[in-house]
Amino acid sequence: MWTQQVVPLQPHKPFFCSPPNATKNPTFVNGKNGFCRIKAITLDELPPNALRRKRDPQWRGGFSLGLDLGLARTGLALSKGFSIRPLTVLELRGQKLEVRIINIAEEEEVDEFIIGLPKSFDGKETPQSNKVRSVAGRLAVRAAERGWRVYLQDEHGTTAEAGDRMINMGLSKSSQQKKLDAYAAMMVLERYFSTSGQGTELVLPKNLELQEKIQRGPPKDVDFFSDED
């Protein structure tokens, strides 16, 4: 699954901090010789949906797609409102996997991805963590084109939790084998919401124009938000 495919980033012109750019783009701050340097974007500026919900219980919107990336199989889970459910398991790799994930996100109208990051029992990252970060980085580029955000969430122990959940539900062994990855993705989402997104890590593409798109966010659904006007 872990094919090293690099998504080429679009070149961009040097960005100057002199007006009007400085007044329109909070991503940049004054640097040497009039050039802009990038200001670090924090979770406070681009909070995950779980943190937005904690801050404002009346906040609406924000669907989340959870991912459990494996060597051969990728589990997906979906959160809409307060409902979290396993969605599907994909047996794809590389670019085909990334494109399918984006297509599913469009179908489900999500605006963020919560990707499980493998860690050991003592909280340290593993060799597989680097592979997940690589996929997350490529996915972040595709997501940013649509104004979507990508976050990493510690997934240690979620596979075991998924197995226990399915056993308690009385699923057959064959069903457990087929759905394990999707349920593991659901556990990732449950952990993410239980901590209000406090432990997540924002994945940003290096391209500055894509970072601007993330800050603007996806286009609003006019019908959904019409009653707020």
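**Aromatic pairs**

For a pair, I needed rings of Phe, Tyr or Trp (its six-membered ring) with centres within 6.5 Å; planes under 30 degrees apart are stacked, over 60 edge-to-face, and the rest tilted. I took up Phe113 and Trp148, which are tilted, with 5.8 Å from centre to centre and 55° between the planes. I then traced where they sit: Phe113 is in strand 6 (residues 112–117) and Trp148 in the loop between helix 4 (127–144) and strand 7 (149–154), so this pair ties together parts 35 residues apart in sequence. I turned to Tyr192 and Phe193, whose ring centres are 4.7 Å apart with planes at 65°, so I noted that pair as edge-to-face.

**A note on the model**

I kept in mind that this is a predicted model, where local features need pLDDT of at least 70, side-chain atom pairs count only at pLDDT 80 or more, and totals for chains, interfaces and linings use all residues. Residues are numbered from 1 along each chain as its sequence is written, and side-chain values use heavy atoms, leaving out hydrogens and water.

**Buried or exposed**

I checked cover next, with buried meaning under 20% relative accessible area, exposed over 50%, and partly exposed in between (1.4 Å probe, protein chains only). Phe113 and Trp148 are both buried, and I found Tyr192 and Phe193 buried too. Of the 229 residues in the protein, 42% are buried.

**The whole protein**

I counted eight helices and eight strands; these are DSSP runs (helices H or I, at least four residues; strands E, at least two), numbered from the N terminus.
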